[in-house]
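Welcome! Keep your viewer open and follow along, selecting residues as they come up.

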Amino acid sequence: MQTKTLIKAQDFKHQQVAKELRRMIAALKTGDRLPAVAALGRHFAVAPATVEAAMGELRREGLVVRRQGSGTYVAPTPGRGTETPTNPKTNTGLIAVLGAGEEENIGGGCYLDTLRAVEAALNTLDYAPLLILDSDPTERGRRARERWEKGRIDGIIHIGSTDIEALAGLPAVVIGETPQAGRVSQVVVDNEAAGQRVGEYLWNLGHRRVAFITTSGLDLFAAPRLRGLQRLWAARTAPHSGGVQEATFFWNREMTEAQMRDAKKIALENLLRGDNPPTALFASQDEAAITAL
């Protein structure tokens with residue numbers, strides 16, 4: 001690859017690139033790794049998106065396989081050497097996308113926006129999403145692991161902060177917080193900095209007594225938001241400040257919706273009717289905010 005191969009402007013560039021890649025693959029062995037997309041783009045003097053489109057054609061033809069987090073490799077074909085076998089678990093074209101199955105989550109908000117963005121990104125990589133929706137995160141993880149072990153998916157994307165022990169060790173990405181950090185890749189918000197920014201906003205409005213309200217069991221992102229709020233309050237050291245109060249709505253799966261609503265109402269009323277009630281509430285997530293309203 002010492003010289004560049006120029007592509008004629010009047011031709012469909014990705015088809016021309018695909019044609020050149022077929023010639024390259026013909027001289028390689030099964031399992032040989034192809035150069036990275038960026039390197040191929042420089043070699044053919046085209047944009048990376050053009051190379052991706054060409055790679056998509058080759059994958060559909062069965063000439064190459066993509067291995068998540070590794071690269072693109074020559075697929076086995078009749079008459080070609082087979083010194084390096086391909087992994088049968090990385091050639092399904094499917095990525096499991098996990099999320100809560102409650103109607104209110106699927107119906108709108110950032111959850112749906114994230115789901116659409118994930119699908120769009122997968123489409124650019126010639127993958128299709130396989131939805132696994134269940135209100136129980138443990139069940140979501142179990143079903144995803146089962147499909148991975150049977151070679152029915154190439155990888156996993158989980159939308160939402162939760163404890164997904166079943167995904168540890170798998171080619172998985174969690175969009176949110178998870179205790180499996182280091183064992184599962186994460187895309188996360190800086191919740192502590194966010195809590196500090198909210199605290200700064202409330203402080204500038206003149207509030208000196210703030211209550212942080214959350215629902216038990218959501219410490220993955222609630223705890224760092226509270227730390228950020230407390231850090232801001234400690235830095236301002238307001239004289240006679242009531243500081244940061246905390247109110248946790250405790251619940252369990254055996255409680256009915258009416259019982260949970262009553263328990264939360266009592267917790268909030270006790271907070272607001274105290275001797276030194278807060279002048280502002282910082283809700284850790286939507287559910288707590290709706291309860292407060």
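Start by selecting Leu21, Ile25, Leu40 and Leu58: these have the most contacts inside the largest nonpolar core, which has 16 residues. Such a core is a set of buried Ala, Val, Leu, Ile, Met, Phe, Trp, Tyr and Cys residues joined through side-chain atoms within 4.5 Å, where buried means under 20% relative accessible area with a 1.4 Å probe, protein chains only. Helices H1, H2 (37-44) and H3 each supply at least two residues of this core, and H1 gives the largest share, five residues. Apart from it lies another core of 13 residues, including Trp148 and Val174.

A word on what you see: this is a predicted model, where local features need pLDDT of at least 70, side-chain atom pairs count only at pLDDT 80 or more, and totals for chains, interfaces and linings use all residues. Residues are numbered from 1 along each chain as its sequence is written, and side-chain values use heavy atoms, leaving out hydrogens and water.

Next, select H1 (residues 13-26) and H3 (residues 48-60), which pack at about 60 degrees with their axes 8 Å apart. Axes here are lines fitted to C-alpha atoms, for helices over the stretch in contact, and angles run from 0 to 180 degrees between N-to-C directions. Helices are DSSP runs (H or I, at least four residues), numbered from the N terminus.

Now show H2 with H3: their angle is about 105 degrees, and their axes are 8 Å apart. Zoom in on the contact (heavy atoms within 4.5 Å), made by Val37, Leu40 and Gly41 of H2 and Pro48, Val51, Glu52 and Met55 of H3.

Methods:
Buried < 20%, exposed > 50% of the residue type's maximum accessible area, 1.4 Å probe, protein only.
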